[in-house]
Amino acid sequence: NRSSDLVLGSYYVRPLPPTLKFLRWDYGALEKYQEKAYIEQKISMDQGASLGLGINQLSDLISAAQQMIREFASWQIKNVGFSTEEAEQRAKSSVSQRDIQRVFTLATFFQKDYSEKVAQSPARSVVDIDLIRRAVLVALGIVYYLRLDTRYREQFCKRINEKEFGTGRTPFLTVFQYEIDTFVDKLHLPRGIAKTNALKENLFATVVCTVCRIPLIIVGAPGSSKTLSFNLTLTNLKGAESKKKTFRVVERFPALDPH
């Protein structure tokens, strides 16, 4: 059927024509030490003043998160039959410099949000460093933790807590889960909708990534609240017409507007 061939043809991956092969160039990937140096340089140039934390503290956390995702991806790829060498090679692309930038974008967003709330509070009991720490941990949660399944989440939390600056601090997962619960409580949810953990995570990621203009793909089995979370986001992000006061200052996004 020629019509179906034309439609399906756009999804075929075809080899490069011989005349283009000499233009092919493999840029490779940054080594671990190169990536850490890149993170440190980016922090000192763009984010050091705005986030207010030491370069080593931030770079260690982000670099550790990047490496963990690669390790988890490598294990997953080996489990489906690839050799160790090929699995490690393929796993290098499971995270990129875009993920590093997303951490900065989200941490700055949350720090600004927290600072505005504290400024409006009559009792300022939270010091700045705690707000910054909280913003960075929540950013790491959105960019890295939420993409993991149950098998790897526990390991991620343990290793972030080991790397995390300071002693006697509230664990990463406690901070992140509190942020999700507090945020979802601000949303307008119709009666009869159960606040399952999957729905709360999907809602939190969808709203925050939409506001910060960060691409998001939700993957899950049928019934895991993928479509529901998107529809509830659409219901809440209506600009001045939003039912909750919190979102009336947020613009209505054309991308979410069915009209």
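Let me begin with a question: is Tyr145 buried or exposed? Keeping in mind that this is a predicted model, Tyr145 has a relative accessible area of 7%, and because the cut-off for buried is under 20%, Tyr145 is buried.

Now to its surroundings. Tyr145 is part of a cluster, linked by ring pairs, that also takes in Phe109, Phe110, Phe156, Phe172, Phe176, Phe183 and Phe204, and the structure as a whole holds 12 aromatic pairs. One of them joins Tyr145 and Phe176, whose ring centres are 5.7 Å apart and whose planes stand at 80°, so this pair is edge-to-face. Since Tyr145 lies in the loop between helix 6 (128-143) and helix 7 (150-163), while Phe176 belongs to helix 8 (residues 172-185), the pair ties together parts that are 31 residues apart in sequence.

Phe176 itself is buried, at 0% relative accessibility, and its ring also pairs with that of Phe204, with the centres 6.0 Å apart and the planes at 70°, so that this pair, too, is edge-to-face. Here helix 8, which carries Phe176, is tied to helix 9 (residues 197-211), which carries Phe204, and the parts joined are 28 residues apart in sequence. Phe204 likewise counts as buried, with a relative accessibility of 0%.

How values were computed. Residues numbered from 1 in each chain as written. Predicted model: local features only at pLDDT ≥ 70, side-chain atom pairs only at ≥ 80, totals over all residues. Heavy atoms only, no water. Phe/Tyr/Trp six-rings, centres within 6.5 Å; stacked < 30°, edge-to-face > 60°. Helix = DSSP H or I, 4+ residues; strand = E, 2+ residues; numbered from the N terminus. Buried < 20%, exposed > 50% of the residue type's maximum accessible area, 1.4 Å probe, protein only.
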